[in-house]
Amino acid sequence: MTALPKAELHVHLEGTLEPEDMVRFAARNGVGLPWRSPEELRAAYAFTGLENFLSVYFQGCRVLCTREDFRELTVAYLQRAAGQGVRRAEMLFGPQAFLDRGIPIGEQVGGIVDGIDEVRETHGIDGALLVSAHRHRSEGDALELLELVRPWRERVLGIGLGGAERGNPPAKFARYFDAACAEGYRTTCHAGEEGPAAYVTEALDACHVERIDHGYAAAENPDLVARLADEQVTLTMCPLSNLRLHVTDDLTTYPLRRLLDAGVPVTVNSDDPAYFGGYVNENYQAVTDALDLTEAEVTTLVRNSFSGSFAHAEELRDVFEELCPKASDVSRCVGS
Ligand code: HPA
Ligand code: ZN
């Protein structure tokens, strides 16, 4: 599992903040926390659902204040990911919580791109940034965020949408995604995590996004499953997140194999690894154990992670050669 080259397509940088670092950053920046130690923090990570998790997650975000904090956070995640065989990491990051606290966008994005550049040099991992808006805020706020990141256009690969899903359907953000698309950003949207399958359909039809983050609920709708397969829409699934947030209570019934068998390009990702008990390989391991996945199925998952990435086909050629030793397979993987 570790040895297999893979891409991670769904990880929130803020969700990679380990308890030890949260306590360290809090002390360094003079930020008070309701928890005094990493042990107390870990004990607080018994979430009842997405919104309960998000309240803890946003408290954690309060300790990140300076360009250096964002750089260190990015470096720590990318180094760890590289150690798990991750060659390409597309990292979501939500500036709005930090903007609320007066932290300039340049400090945030500047620190992240410093980290990306540093670990590309030291570990050869290809990091990319996806800026994400919070759906429990207004579409106006999301459009404002797009304006704010304009000076960083060259360093922001894509645009996403996360946050509290219930009651905040994708269509609320149709103009945000249209504007992102017009500016040439790649697009992805959380849908079908706690929300219904209809939100997945809406993300495709109203927002025209290229990828769906989670998409768990899609599995209950056969017509939608057929459509996802037909249109080859990548789902960035996160098994340990879904378990910890009670989207599912048992990974032995996780719909990943059913989706794979139906031809949907499913991928495995960590979401918020510091909060959900595992990075990408622990997620692969958990579904492999629960569903007794074969080696061929795991190879399909890692292959999907590259073909579903927003990297150019040319950038992926080398890695596909490793994954598909037969030359004829390489063109199939790269899709050119
Ligand atoms: N869902 C929605 N928004 C998020 C998540 C998630 O799992 N993690 C961080 N923001
Ligand atoms: Zn997520």
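Let's start at His 12, which counts as buried because its relative accessibility is 9%. Buried here means under 20% relative accessible area, with a 1.4 Å probe and protein chains only. His 10 is buried too, at 0%.

A quick word on the source. This is a predicted model, where local features need pLDDT of at least 70, side-chain atom pairs count only at pLDDT 80 or more, and totals for chains, interfaces and linings use all residues. Residues are numbered from 1 along each chain as its sequence is written, and ligands are numbered from 1 in the order in which they are written.

Now, which residues hold the zinc ion (ligand 2) as protein donors? They are His 10 (NE2), His 12 (NE2), His 190 (NE2) and Asp 271 (OD), lying 2.0 to 2.2 Å from the zinc ion. Donors are N, O and S atoms within 2.8 Å of the metal (3.2 Å for Na, K and Ca); water is not among the atoms, so sites may look incomplete. Along the chain, the spacing reads H-x1-H-x177-H-x80-D.

Why is the arrangement irregular? Because the 4 donor atoms subtend angles of 80 to 170 degrees.

Next, the second largest pocket. A pocket is an open set of points on a 1 Å grid over the protein atoms alone, where a 1.4 Å probe fits, with protein on both sides within 12 Å along at least five of seven lines; lining residues have an atom within 4 Å of a point. Of its 16 lining residues, those closest to the centre are Arg 88, Gly 127, Ala 128, Glu 154 and Leu 157.

Note on methods:
Heavy atoms only, no water. Tetrahedral: all angles 85-135°; square planar, octahedral: opposite > 155°, others 65-115°. Buried < 20%, exposed > 50% of the residue type's maximum accessible area, 1.4 Å probe, protein only.
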